[in-house]
Amino acid sequence: MNATEAWSVGDRYEPYVGRWSRLVARSFLAWLEPPADLCWLDVGCGTGALTETILERYAPRRVDGIDASQAFVDHARAHVADPRARFAVADARRLPFDVSFDIAVSALVLNFIPEPRAALAEMIRVARPDAVIAAYVWDYAQGMRMMRVFWDAAVQLDADAQALDEGQRFPLCSSHGLEALFAEAGLRDVQVRAIDVPTRFRDFDDYWSPFLGGQGPAPTYAMSLDEVRRDALRERIRATLPVAPDGSIELEARAWATRGSLH
């Protein structure tokens, strides 16, 4: 993470990405088909979306979630009321655990870690010999439409915005990028799949308001603009979105998921 993005208010992150991450989490976990009574590690747990889905659907023995943001960890602790879940602030590249996990997962964060290979190596280090390692990230370049529409409009108005566009910054967020990352880490039986979920907004305000929360690259960029430029961006985006007669907006969000095993 760098100066172009902020991650400090969980209640603002939830309407921006958290609500959609939960939809992906369900398909992601169903793909993994995990048995009950596992010890899970959730790397980059954020506000707890993936951990909460694990707890609701897969009867884990425990879930340890770590995140670099104290604010997000505080949010997860406050909103995931289950004694099997433990949250801590930690660097994904230096996990505070020994070998103790049956499955290690990560949602929407590998690309934001300065050294994703180091983070993946740490996930492998703390996993038991027969463990599964898995992750998902947004397809920023094409399939994550709410962000793609934002950045396409932003770049039309400000060429410098292209340097902040996640689709440009994160080549890891593709089927080839993820497959190479997991294979180079020595994982076996590496698989990659696309997960598509609908993102339905009640109206334009439901789409636009989360970008004013300042959480993540696009909202941070939006809030860096003066009012005139931000209004121009808002109206450029409004003109490009597919608005239904009832005012709702139907988009699609694609995530790339990958998994591999130690043995």
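**Aromatic pairs and helix packing in the predicted model**

The structure holds 15 aromatic pairs, a pair being two rings of Phe, Tyr or Trp (its six-membered ring) with centres within 6.5 Å. The model is predicted, so that local features require pLDDT of at least 70 and side-chain atom pairs count only at pLDDT 80 or more, whereas totals for chains, interfaces and linings use all residues. Residues are numbered from 1 along each chain as its sequence is written, and side-chain values use heavy atoms, with hydrogens and water left out.

A pair of aromatic rings is described by the distance of the centres and the angle of the planes. For Phe-204 and Trp-208 the centres are 6.4 Å apart and the planes stand at 10 degrees, so the pair is stacked (planes under 30 degrees apart; over 60 is edge-to-face and the rest tilted). Both residues belong to helix H8 (residues 204-208), where four residues, about one turn of the helix, separate Phe-204 from Trp-208. Helices are DSSP runs of H or I with at least four residues, strands are E runs of at least two, and both are numbered from the N terminus. Ring pairs join Phe-204 and Trp-208 with Tyr-16, Trp-20, Phe-150, Trp-151, Phe-201, Tyr-207, Phe-211 and Tyr-221 in a cluster.

Ala-218 is located in helix H9 (residues 217-224) and counts as buried because its relative accessibility is 0%. Beyond its neighbours within four places in sequence, Ala-218 is in contact (heavy atoms within 4.5 Å) with Tyr-16, Phe-150, Trp-151, Glu-166 and Phe-211. A distance of 7.4 Å separates the C-alpha atoms of Ala-218 and Met-147, which are 71 residues apart along the chain.

Helix H4 (residues 116-125) and helix H7 (residues 175-184) have axes that come within 10 Å and cross at roughly 50 degrees. This makes H4 oblique to H7, the class left after roughly parallel (under 35 degrees), roughly antiparallel (over 145) and roughly perpendicular (65 to 115). Pro-116, Arg-117 and Leu-120 of H4 make the contact with Leu-181, Phe-182 and Glu-184 of H7. The buried residues of H4 are Pro-116, Ala-119, Leu-120, Glu-122, Met-123 and Ile-124. Their cover includes strand S1 (39-43), strand S4 (101-107), strand S5 (127-138) and H7.

How values were computed: Axes are lines fitted to C-alpha atoms, for helices over the stretch in contact, and angles run from 0 to 180 degrees between N-to-C directions. Buried means under 20% relative accessible area, exposed over 50%, partly exposed in between (1.4 Å probe, protein chains only).
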